[in-house]
Amino acid sequence: MDEEFTPLDCLLSTGTQKIGLVILNQPLEPHFFHALWNKAVIRACADGGANHLYRMTEGQRESSFLPDYISGDFDSITPEVKNFYSKKECKLILTADQDLTDFTKCLTLMLDEIKERRVQVDTIVTLGGLGGRLDQIMATVETLFHIQKMSEIPVVVIQGSSLACLLREGRKHRLCVNTGLEAEWCGLIPVGGSCLTSTSGLKWNLDNQVLEFGKLVSTSNTYEELDTENERKPVTISTDRPLLWTMGIKTE
Ligand SMILES: Cc1ncc(C[n+]2csc(CCOP(=O)(O)OP(=O)(O)O)c2C)c(N)n1
Ligand SMILES: O=c1ccn([C@@H]2O[C@H](COP(=O)(O)O)[C@@H](O)[C@H]2O)c(=O)[nH]1
């Protein structure tokens, strides 16, 4: 099956994807935050993510910056922030389970919410998840495996100048990388085990080759040169196992 996706469509003012937004407990980049908040149809914070939303929206919190829900074990949200959003009647959902991260639980709730409200969401975008504690960064990637089993909706994770998403096995992915927001680098990381992979559109392509830690991992890759019309061709990727796609985002 072929699957076409434009990872950075979500950051374009002209982007067409309908977005579900999850804010994690990491510093928020104002530019990404505003680009996504305004177009999101569902907005959620995982625990301490609410502290960042609160700080970012000082002076205009009341009117247009209330999330649909905040979930988590609530060991990071401050009493002031919790009190503020509960008075504004945002849903505060306690997810106490200590075997899953607040991110995994927050995404699971978002899938429930999407079903319940019957809204169209094309992509779930997460802000945070790629910075701070290394165990949390690894947990972010693991969450993508959980969610992929639960839904067909693609989940992209954005922080700093990086984007990550997990490509499903058994499909030919066609990634459109011509939005103008792409930085030079990209990578394919076989996080869940070896991946038999073929690609096109990259400088270092793979031809039915095995990606595996200790064997070959495609980091510091980049795109094929622009064509005669100065356009960048899509990248195609087939893999027999879930494979992490990561790419740079221009930050200026
Ligand atoms: C084998 C195993 N290792 C570790 C844990 C602990 N654990 C896994 S997920 C989780 C919840 C983490 O919550 P989150 O809010 O995402 O992260 P925090 O900032 O609280 O560390 C915990 C405590 C466990 N339940 N099982
Ligand atoms: O260093 C970090 C810390 C946290 N995260 C993500 O945020 C959520 C919520 O974190 P809390 O600390 O419980 O508020 C967590 O599940 C992680 O996904 C992070 O990415 N980096």
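Okay, some housekeeping. Residues are numbered from 1 along each chain as the sequence is written, and chains are lettered from A and ligands numbered from 1 in the order in which they are written. Since the model is predicted, local features need pLDDT of at least 70 and side-chain atom pairs count only at 80 or more, while totals for chains, interfaces and linings use all residues, and side-chain values use heavy atoms, with hydrogens and water left out.

Let's start with ligand 1. Around it, meaning with a heavy atom within 4 Å, we find Asp 73, Asp 75, Gln 98, Asp 99, Leu 100, Thr 101, Asp 102, Arg 133 and Gln 136. By class, that shell has one nonpolar, three polar and five charged residues. In this scheme Asp, Glu, Lys and Arg are charged, Ala, Val, Leu, Ile, Met, Phe, Trp, Tyr, Cys and Pro are nonpolar, and the others, Gly among them, are polar.

Now the polar contacts, which are pairs of N or O atoms within 3.5 Å. Gln 98 puts a backbone N or O atom 2.7 Å from a nitrogen atom of ligand 1. The side chain of Asp 102 has an N or O atom 2.6 Å from an oxygen atom of ligand 1, and a polar side-chain atom of Arg 133 sits 3.2 Å from an oxygen atom of that ligand. On its own ligand 1 exposes 600 Å², and the protein buries 51% of that; these areas come from the Shrake-Rupley method with a 1.4 Å probe.

On to ligand 2. Which residues come nearest? Of the 16 around it, they are Asn 25, Gly 48, Ser 76, Asp 102 and Arg 133. A backbone N or O atom of Gly 48 is 2.9 Å from an oxygen atom of ligand 2. Asp 102 turns up here too, with a side-chain N or O atom 3.0 Å from an oxygen atom of ligand 2. Gly 131 has a backbone N or O atom 3.2 Å from a nitrogen atom of the ligand.

Last stop: helix H4, residues 79-87, a DSSP run of H or I with at least four residues, numbered from the N terminus. Its buried residues are Val 81, Phe 84 and Tyr 85, where buried means under 20% relative accessible area and exposed over 50%, with a 1.4 Å probe and protein chains only. Down the axis of H4, these fall within an arc of 90°, so they line one face of the helix; the arc uses directions from the helix axis to the C-beta atoms. On the other side, Pro 79 and Lys 87 are exposed.

Conventions: A polar contact is a pair of N or O atoms within 3.5 Å; within protein, one must be able to donate a hydrogen and the other to accept it, and residues adjacent in sequence count only if both atoms are side-chain atoms. Helices (H or I, at least four residues) and strands (E, at least two) are DSSP runs, numbered from the N terminus.
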